[in-house]
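This report covers selected local features of one chain. The sequence and structure come before the text.

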Amino acid sequence: MSEKVKKKKSNTSSPNTLEAHIPHHTMMPYKLEPYVLTNNEVYMNERQLSHFRRILEAWKKELMKEVDNTIIEMKEASVTVLADPNDRATQEEAFNLELRTRDRERKLIRKIEEALQQIDDKEYGYCESCGVEIGIRRLEARPTAVLCIDCKTLDEIREKRTAQ
Ligand SMILES: [Zn+2]
């Protein structure tokens, strides 16, 4: 059942091409049960808010576990002194990569916390830029989204231009 729902996801909202750019480590580490909409449901009612609270809290927990594990692993690894300078360089590279990943994860945790705060304030799910409803399906694909798909697209176009 969940297989079918997953595949249908993309035609309920705008094309999901942007989501493909999300690096793997920011993907949600568990299978999401899509929200089942009933008729005439008010956007971001209590049931919807608690649906997203559940998603965000589970995601945060998972990320924090990963951050903790890495710290332990790196502490253990750094105790071992490698004789070969090449090995040391490789190890250092691996450490740096890990650190960058953890840094991104910490930023993501902060975004998740902000989203949870918005749920508390019942402000979750609206575009920061134009105020429009971001939409259940887009939020399920990216629960920390603060822009609607149109504003996000414009934003990325602008970003690309300034990067050139
Ligand atoms: Zn917008």
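Leu99 sits in helix α3. In this predicted model, Leu99 counts as exposed because 12 C-beta neighbours lie inside 10 Å, and a residue with 12 or fewer is exposed. Its C-alpha atom is separated by 9.6 Å from that of Met74, 25 residues apart along the chain.

The largest nonpolar core has 17 residues, of which Phe52, Leu56, Trp59, Ala115, Tyr124 and Leu139 touch the most other members. Two or more residues of this core are given by each of α2 (46–79), α3 (85–120) and α4 (136–141). The largest share, five residues, is that of α2. Tyr124, setting aside neighbours within four places in sequence, is in contact with Met44, Leu49, Phe52, Ala115, Gln118 and Ile119.

Most residues other than glycine have a negative phi.

| Residue | Phi | Loop | C-beta atoms within 10 Å |
|---|---|---|---|
| Met44 | about 55 degrees | between α1 (2–12) and α2 | 21 other C-beta atoms |

Helix α5 covers residues 149–163. Helix α5 is hardly covered, with a count of one buried residue among its 15 residues.

Conventions:
Residues are numbered from 1 along each chain as its sequence is written. This is a predicted model: local features need pLDDT of at least 70, side-chain atom pairs count only at pLDDT 80 or more; totals for chains, interfaces and linings use all residues. Helices (H or I, at least four residues) and strands (E, at least two) are DSSP runs, numbered from the N terminus. The expected span of a helix is 1.5 Å times one less than its number of residues. A residue is buried if 20 or more other C-beta atoms lie within 10 Å of its own, exposed if 12 or fewer, and partly exposed in between; C-beta atoms are placed from the backbone. A nonpolar core is a set of buried Ala, Val, Leu, Ile, Met, Phe, Trp, Tyr and Cys residues joined through C-beta atoms within 7 Å. Two residues are in contact if their C-beta atoms, placed from the backbone, lie within 7 Å.
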